[in-house]
Amino acid sequence: MGAKTVLEPPVSTGSHNISKLLRQYGCGPIRFEGTENALYERHLLCDNVIDGGAATPRDRFEAFARSVRDILSQRWVLTERTYERKNPKRVYYLSMEFLIGRSLANNVSNLLLEGVAQEAIHRKHLNWIDLLEQEPDAALGNGGLGRLAACFMESAATMHLPAMGYGLRYDYGLFKQGIRDGWQYEQPDPWLRAQDPWEVVRPHEKVEVRLNSSFEISGGSLRAVPGRPSTLIGIPFDRPVVGYGGATINTLRLWAAAAPDFFNFQEFSGGDFVGALAQTLSAESLTRVLYPDDTTSMGQGLRFVQEYFLVACSLADLVRRFRRYNTDVSTFAERVAIQLNDTHPAMAVPELLRILLDEAHLGWDEAWEITKATLGYTNHTLMPEALEKWPLAWFEILLPRHLELIYEINRRLLDEVRSRFSDDEGRLQRVSLIEEGTGRKIRMANLAIVGSHSTNGVAAIHSELLRTTTVKDLAKMFPERFNNKTNGVTPRRWLLLANPAFSRAITDAIGDKWIADLNELNKLRALANDVSFRDTFRMAKRDAKSQFADWLRSFSGQAVDPETIFDCHVKRFHEYKRQMLMALRIVVLYNRLRANPNLDMHPRTFFFSGKAAPAYKLAKLMIKFVNNLAGTIEGDPVVRGRLKVVFLPEYCVSLAERLIPASDASNQISTAGYEASGTSNMKFMMNGALTVGTRDGATIEMAQEAGEENLFLFGLTAEQVVAVRGWYNPQFHYENEPETRAALDLIFSDHFSRNEPGVFSPLREMLLTNGDFYMHLADLTSYVQAHEQLGALYADRNAWAHKAILNVASSGKFSSDRTISEYAAEIWNVKPCPVP
Ligand code: NBG
């Protein structure tokens, strides 16, 4: 481990009475550790059957985590019992992705048990960091969408909302990224290889899912075997979601697919032993792996069945729960709210309708009204290639009843269009749930909008563009359904836990109320001019930077200098996120320094981190470019010590928790109009980094909160991007801007690819020959200038701290507590149900 080995968890920022807490958790006289019968010792002995002295770090982690789970178990049960007793309206969040990360430190901290953990660590001579490192990241998501779902679950529990998450228990999470010769390669992430200490399997609550055909999975794709109906079993695995303060402990229920445990004995006795087992195999493969694509819809049959499986299991489960405590199905929408995280679970529309019609025997009108009133849909992207469309033929084979219902919904929809808007053929075609042409398709976004009472985007600009461009005909038809819910992130994980030194400084200055009410940070505004608070801020940042540098050295052997500006771009690699724009800026600086080695410029370390979808060639080439750039710069004595590029492989929640607190500059540089919201932008802001960004997504609202003068905004606006799209020509910038031209010429002279001539020519095509769709060159000059201003500010330590503190003080809006309270009040109509 690093030079500063942290042996103990940070002391709790609040002063919590341990015995009162243990009473809250109903633990009685049982001790956490220290006696034969204490939790930790018993778990080591009875679960792992090992003597304390012989235990491996993993054994110790498991015993420790299970002991923490023991403490929360009674409260977890009590939470569910309270909901059963009070029978409040409940909300269910359906998501194909939950990017959870690690849970141990978060659970200890939210349970306010740092004191207990600290004592145990101390007395058992454990190393806290080593213990934490034993837990794999639960990477059941690709990026922002999945991480948002995880933040939402934590906020809902903190706010005592009767909420439950439903997802899939993938055996393999998002692939692990390795780098070889600068190229990304993918490796599987068997995160469940060692038993997960948090999950609780509940076989008796299994659910049966019927499909009209059987299917076989081979090589990751699915082949339907029509005419032979099949059954899948969904086994629920529950994970605790600890609200801050440990009062409410909600549940995240993840479904694993299994084959029916009754075999077709006919087939067995008939000799088709292998055939029967093969069916088992394919059923279990259904939840084997998460699809590693973000913002592109992958037309794969396996994914289609995964999505239906999530919907069918979750709806069966929540309807069963509804029936347990309610008799009158006409009150369903008063008791149940369901939020669809993107279109991935949009089959909930026909599935809920089917249940209400075929199982509850309601008439169409009533069933349809209840369906709409129950469901809400969140859109997360405007990228046309990401709007899911499933082949109608797959519905025909696997889900014919659902297709029948979709036809009927569509017939009624188009009738309504005709009567309200006349027979405008174009409009009918655009709103239709079915895309005609060869290979008819079901448009899942249209289905979700038509079948729900609320459609929201995730930042003001995104919701506006959704309404006025992407689905404008449907928005005209149902204007009352459209609304905005600007994203947020949980300050517990992203500030309290990730940045202990700064959190302590904040608490010392304004008390600890900010942890559960981030608007309290406003009080820091008054301290932006306070000399001693500025010093404290600087020291905390310095602390985080050295810790990061120590970690990096011990982990990868790379040395970075905390005295340099840490300048970060961390996200999935995608053309629209424009990692290449940042790379071009670095090449411009590199050229300047080579031309003028005495140039006055504060040294910078540029960090890139992020994965590319395995099939996205250009994104992978961008990663390769960043790595080659890093290598060439490192090898050039003229710039060494002044510029350094670091590509951090395997971006994940845990890495973000390390890097974001250590950052000075946050690059949020998507082409305006393409990033729905962004959420790392908010995390950087809370942690006192300054933003260099385009007017896109939630960055616009960050500037509104902090004042534009406290960010470094640059580049074309979304309207300008649309306006120039018709005639934009990157060649113009190449010909008229010497620095732009020199940067591109240097790249394409193979300066960064001496041993691989021509390797970057697809980047030339992207940036020049093929029209630079994401307008890198249009924004490069103003981007470089924005960073010059940032550099100048950095030279003035006080002015820098002033701005950074104002940013932190203005970040209150971006707590997911605020977002969730808006969903609860404006979409779900769900109220807190505190657990006594
Ligand atoms: C992503 C957007 C981000 C946004 C997150 C969370 C998808 C499909 N969309 O801008 O690209 O912050 O969703 O809303 O992953």
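The legends below describe close-up views of a predicted model. In this predicted model, local features need pLDDT of at least 70 and side-chain atom pairs count only at pLDDT 80 or more, while totals for chains, interfaces and linings use all residues. Residues are numbered from 1 along each chain as its sequence is written, and side-chain values use heavy atoms, with hydrogens and water left out.

**View 1. Polar atoms facing the ligand.** A polar backbone atom of glycine 678 is 2.9 Å from an oxygen atom of the ligand, and a polar backbone atom of serine 677 is 3.0 Å from an oxygen atom of the ligand. For tyrosine 576, an N or O atom in the side chain is 3.3 Å from a ligand oxygen atom. Taken alone the ligand exposes 380 Å², and the protein buries 91% of that (areas come from the Shrake-Rupley method with a 1.4 Å probe).

**View 2. An open sheet of three strands.** The order in this sheet is β15-β17-β16, with antiparallel pairing; strands are DSSP runs (E, at least two residues) numbered from the N terminus, and two of them pair if DSSP finds at least two bridges between them. Because β15 (389–391) and β16 (434–435) stand at the edges, each with a single partner strand, one side of each is left without a neighbour in the sheet. Two bridges join β16 to the antiparallel strand β17 (residues 441–443), and the bridge partner of glutamate 435 in β17 is lysine 441.

**View 3. An open sheet of six strands.** Here the pairing is parallel and the order is β22-β21-β20-β23-β24-β25. The edges are held by β22 (643–648) and β25 (712–713), each with a single partner strand, so one side of each is left without a neighbour in the sheet. Strand β20 (residues 565–570) pairs with strand β23 (residues 665–668) in the parallel sense over two bridges, and aspartate 567 stands opposite alanine 665 in β23.

Conventions: A polar contact is a pair of N or O atoms within 3.5 Å; within protein, one must be able to donate a hydrogen and the other to accept it, and residues adjacent in sequence count only if both atoms are side-chain atoms. Helices (H or I, at least four residues) and strands (E, at least two) are DSSP runs, numbered from the N terminus.
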